[in-house]
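Please look at the sequence and the structure before I go on.

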Amino acid sequence: MKMDEISMSSLDNSKLEGVAQDILSDLVEDACLGLCFEVHRAVKQGYFFLEDTDQETMRDFEIVDQPGVDVFGQVYNQWKNKECVCPNCSRSIAASRFAPHLEKCLGMGRNSSRIANRRIVTGNNTNNKSESDQEDNDDVNDNDWSYGAEKKGMMGPRRRMDNQESPRMLMKDEAFPQ
Amino acid sequence: MSKDSQMRAAINQKLIEMGERDRLKELLRAKLVECGWKDQLKAHCKDVIREKGLEHITVEDLVAEITPKGRALVPDSVKKELLQRIKTFLAQHSTL
């Protein structure tokens with residue numbers, strides 16, 4: 001039923017008025033119901049009679065306006081100058097530096113695993129040169145398998161999936177048996 | 001469905017589809033707050049709640065007590081303005 005099929009000319013003014021009144025009536029009913037639901041929720045959630053609290057209790061919750069203290073009366077820069085003792089290394093660290101320090105100290109968190117991985121890679125490189133035999137040395141100098149120089153590019157995106165047992169690491173000894 | 005109710009249904013549908021019903025609803029709500037209707041009714045709610053008891057009040061209680069009074073308390077000026085807008089909409093969105 002499309003609106004343009006209905007000719008309003010068939011409606012006289014009184015009918016139009018009637019329709020408009022009905023629409024208004026619906027809207028008013030909506031508004032009343034809305035209020036009822038709002039009030040009912042306020043009652044059940046306990047905040048309906050909030051503004052009727054007695055003066056005494058109201059004073060307890062007044063906004064605090066003192067320096068060094070927030071609107072609730074709590075001191076907010078209490079922790080700026082505090083120092084914490086690290087449970088791992090037993091050093092005394094400033095509060096704002098505590099979280100990053102813990103990350104490195106405990107060896108958890110994103111940064112510390114990045115650093116650790118880098119150390120492994122550079123550690124492997126230097127180890128290879130001094131400890132491994134000729135065969136392995138060749139491998140390291142091979143462009144396909146060099147670890148140290150490529151670490152930024154190759155290691156970057158793949159690093160997360162790699163662990164010590166990854167095929168690449170294991171195959172290093174097997175590749176190019178001479 | 002009689003032609004009349006068909007026509008009314010179509011009008012309502014158009015009102016909703018074009019978002020006009022929501023706009024009218026918001027307008028009415030704003031006007032009712034402005035003129036103090038909401039506060040008046042809220043005060044009446046408080047009386048009803050105190051009478052029935054805070055713990056035992058139900059939505060049905062509130063609806064039964066509030067709706068008739070709410071309807072009666074809508075000021076004429078607000079009614080007039082809303083009716084005007086509705087009639088304008090009806091005139092604009094139907095072929096004559």
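This is a predicted model: local features need pLDDT of at least 70, side-chain atom pairs count only at pLDDT 80 or more; totals for chains, interfaces and linings use all residues.

Residues are numbered from 1 along each chain as its sequence is written, chains are lettered from A and ligands numbered from 1 in the order in which they are written, and side-chain values use heavy atoms, without hydrogens and water.

The largest nonpolar core has 37 residues. Such a core is a set of buried Ala, Val, Leu, Ile, Met, Phe, Trp, Tyr and Cys residues joined through side-chain atoms within 4.5 Å; buried means under 20% relative accessible area, exposed over 50% and partly exposed in between, with a 1.4 Å probe and protein chains only. H1(A) gives the most to this core, with 14 residues. Helices are DSSP runs of H or I with at least four residues, numbered from the N terminus. B:Leu28 is among the residues with the most contacts inside the core. Leaving aside neighbours within four places in sequence, B:Leu28 is in contact (heavy atoms within 4.5 Å) with A:Leu27, A:Val28, A:Ala31, B:Val78 and B:Leu82.

Next, the helix pair. Residues of H1(A), including A:Val39, meet residues of H4(B), including B:Leu62.

Finally, is B:Glu20 buried or exposed? B:Glu20, in helix H2 of chain B, counts as buried because its relative accessibility is 10%.

Conventions
Helices (H or I, at least four residues) and strands (E, at least two) are DSSP runs, numbered from the N terminus.
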